[in-house]
Amino acid sequence: MAGAVDLSALKAKADAGRPAPSGPDPAARSDAPAPGPGVDAGPGGAVTVIDVTDETFGAEVVERSAHTLVVVDLWAEWCQPCKQLSPVLEKLAAEAAGDWVLAKVDVDAAPGIAQAFRAQSIPMVVAVAGGRPVDAFAGVQPEAVVRDWLAQILEQVGPSLGPAPEAAGPEPVDPRVEAAESLADEGDYAGARAAYEAIVHAEPGNREAAAAARQMAFLERTATVEPDAVERADAAPRDVALGLAAADAEVLAQRPAAAFARLIALVKSTAGDERADVRTRLVELLDLFDPADPLVLDARRGLAAALY
């Protein structure tokens, strides 16, 4: 049967109906958490038996078979011979403890899989390795025959199977960052800023720490902003000190567009040291955001036009 059935189309259809994976398949790892409904696990948490549908076929059979032999059991509730064979397969899968996985397919609930395997009758058992069927049999077989069949297939395909995905362990926590975050949580923004700046001093290329230091400096400065800063600046649009405070307040209130527009207007209406102070503050605020943000790009263009 090797090469006689193309499973790629069925996998593509299943992939189109499910969200993109966010990491390695947890069910394929011996250290995975307790399996959910439709999944049986053997000693050590290794997956032994899974229920498969048309939607989960791609991940549970095709992808899993890249590192583990998957034995597909095509059955139906009304099929009496299936009720004789399935328990035998489940017993052998439990004994294998993850060396191979039994994928049970109810053909009434998953007609796409049955069609892909060109099942003429059930029970039908198909061994899948490396994303393709490598052998199959139909009808009830004695346990000894099934055991020998599995042993031969494992001997044949074992060397070609890749290693199972490694468990994704938690990322190590930098104690310096942890200390800075603790200071920020306590409201000590000056201390947090100093802690992040120390990291940047030791690692000039650490962009995350540099960005965090800028954020802490902003929070430190805005801790003293008056509640009526915006109203006072609106009443005196040429007052630089009030305008700087109002722009900070607007960014703090999640209104950066208003803050940028206010400072660009101040750049246009000032000169000398006052203009330099306004420009510096605007650049500081822009640096708090993603440089590719359209709002930031527009503000930088507006600043350039105001200056030149």
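Predicted model: local features only at pLDDT ≥ 70, side-chain atom pairs only at ≥ 80, totals over all residues.
**View A. Arg64 sits in the loop between α2 and β3.** Helices and strands here are DSSP runs (H or I, at least four residues, for helices; E, at least two, for strands), numbered from the N terminus. With a relative accessible area of 3%, Arg64 is buried. In these legends, buried means under 20% relative accessible area, exposed over 50%, and partly exposed in between, using a 1.4 Å probe and protein chains only.

**View B. Lys104 is a lysine of strand β4.** At 9% relative accessibility, Lys104 counts as buried. Its side chain makes a polar contact of 3.3 Å with the side chain of Asp73. Leaving aside residues up to four places away in sequence, Lys104 touches Val49, Ile50, Asp51, Val52, Asp73, Trp75, Ser86 and Glu90. A contact here means heavy atoms within 4.5 Å.

**View C. Helix α3 covers residues 80-96.** Its 17 residues reach 25 Å from first C-alpha to last, close to the 24 Å expected at 1.5 Å a residue. The expected span is 1.5 Å times one less than the number of residues in the helix. The buried residues of α3 include Leu85, Val88, Leu89 and Leu92. Seen down the helix axis, the buried residues of α3 fall within an arc of 165 degrees, so they line one face; the arc is that of the directions from the axis to the C-beta atoms. An α-helix has 3.6 residues a turn, so residues three or four places apart point the same way. The packing partners of the buried residues of α3 are β2 (47-51), β3 (69-75), β4 (100-106), β5, β6 and α5. Just after α3 comes Ala97, with a positive phi of about 55 degrees.

**View D. One disulfide is found in the structure.** It joins Cys79 to Cys82, with the sulfurs 2.3 Å apart; a disulfide is a pair of cysteine sulfur atoms within 2.5 Å. The torsion about the S-S bond of Cys79 and Cys82 is about 80 degrees, so the disulfide is right-handed. Cys79 counts as buried at 2% relative accessibility, and Cys82 is buried with a relative accessible area of 1%.

View E. Phe57 and Phe117 are edge-to-face, 6.1 Å centre to centre with 75 degrees between the planes. Rings of Phe, Tyr and Trp (its six-membered ring) pair if their centres lie within 6.5 Å, and planes under 30 degrees apart count as stacked, over 60 as edge-to-face and the rest as tilted. This pair links distant parts of the chain, with Phe57 in helix α2 and Phe117 in the loop between α4 and β5, 60 residues apart. Phe137 and Trp149 are also edge-to-face, at 4.9 Å and 90 degrees. Phe137 lies in strand β6 and Trp149 in helix α5, so this pair ties together parts twelve residues apart in sequence. Both Phe137 and Trp149 are buried.

**View F. Helix α10 (residues 240-252) is mostly covered, with ten of its 13 residues buried.** At its start, a side-chain oxygen of Asp239 reaches to within 3.1 Å of the backbone nitrogen of Ala241. The buried residues of α10 pack against α8 (207-222), α9 (229-235), α11 (256-269) and α12 (272-286). Gln254, which follows α10, has a positive phi near 65 degrees.

Notes. Residues numbered from 1 in each chain as written. Heavy atoms only, no water. Polar contact = N/O pair within 3.5 Å; in protein donor to acceptor, adjacent residues only side chain to side chain.
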